[in-house]
Amino acid sequence: MLDLHKLDIFLRVVREGSFSRAAESLLMTQPAVSQHIQDLEIHVGATLFVRERRGVTLTPAGETLHAYTLRILRLVTEAENAVTDVSELSSGQLSLGATPGVSVYLLPDMIQGFRAQFPKLTVVLQTGITPQIVGDLRSRKIELGLIEGELDSTTTRQLGVLALEEVEQFVVVGPKHPWWGRASVDLGELDGQSIITRQVNSQTRIWLDQVLQQHHVRPKVNAEFDNVESIKRTVMLGTCLTILPTYVVAHEADADMVRVIPINRTPLRRTLKLIWDQELLFSPVASVFLRYLSSRFPALEMMLQLPAK
């Protein structure tokens, strides 16, 4: 009988394209991964991979087993979902990944509300930029990702992507800024303005630079931070502006520590997205978590058509 653990390792080697990368993602040694694959090949009496210096590719027998492995592992998850009553579990865990703004300002309240309903379940949240979240999904370090970063066709290979909601971005200034009393601004007015932004390699910065270049707007970047709290504090104390969604500065705006200013005619918007591995079904805990979030994001219920438990 085929060993599910070995099939899982086989699937990881297929996805990573090498024994070494599969071993790294599985937190195993390369010899251990190689031994599991050899055992599997002996069991089925066929060579599953063509070994090359730069990695491995599937043989015809490997292609056949790969197709069955996906079906087998999906069926196992289907069976688990069909019989599991999450509310009766003594323990359970969901691993999430999220980009910084989502992780710090949106997810804590959602996770707290979810755990109030399911106190025996644990949610593990990892924060990273979009490429890190995608990588963690591919290596199965996390099961779900919530991001605002943009994705290209190469990035989304094997990933499911669901737009949850549009997130408008606003100009944010502190009390010392000349725009403190403004009700709105035009995008063109940002030209030449001193601005605080995220670091160059972040998806937020890449997105912002592209949008501003499209409108021929060239602000003066005075500082770059990899931490949104640092950006907020610098703006509150100085005369630079920044661009952020309202959920990031809601507390400070209520306390009159910053002013949130809408942009006329050409509002800046990003999309909050759920991403997941399309080759895998959601675990019972993930399914219940998504169902909980569907009250906040109707797109989950409509597009994923989550079955009722």
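This is a predicted model: local features need pLDDT of at least 70, side-chain atom pairs count only at pLDDT 80 or more; totals for chains, interfaces and linings use all residues.
1. Ground rules: local features need pLDDT of at least 70, side-chain atom pairs count only at pLDDT 80 or more, and totals for chains, interfaces and linings use all residues. Numbering runs from 1 along each chain as its sequence is written, and side-chain values use heavy atoms, with hydrogens and water left out.

2. The largest pocket holds about 560 Å³ of space. Pocket here means an open set of points on a 1 Å grid over the protein atoms alone where a 1.4 Å probe fits, with protein on both sides within 12 Å along at least five of seven lines; lining residues have an atom within 4 Å of a point. The volume is the space filled by probe spheres set on the points, which are joined across faces, edges and corners.

3. Its lining has 22 residues, with Thr77, Glu143, Leu280, Leu281 and Ser283 nearest the centre.

4. On to the rings: the whole structure has six aromatic pairs (ring centres of Phe, Tyr and Trp, using its six-membered ring, within 6.5 Å; planes under 30 degrees apart are stacked, over 60 edge-to-face, the rest tilted). Phe19 and Phe49 sit edge-to-face, 5.9 Å centre to centre with 90° between the planes. That pair ties helix H2 to strand S1, 30 residues apart.

5. Arg259 lies over the face of Trp180, 4.1 Å from the ring centre (CZ of Arg or NZ of Lys within 6 Å of the centre and within 35 degrees of the ring normal).

Terms used:
Helices (H or I, at least four residues) and strands (E, at least two) are DSSP runs, numbered from the N terminus.
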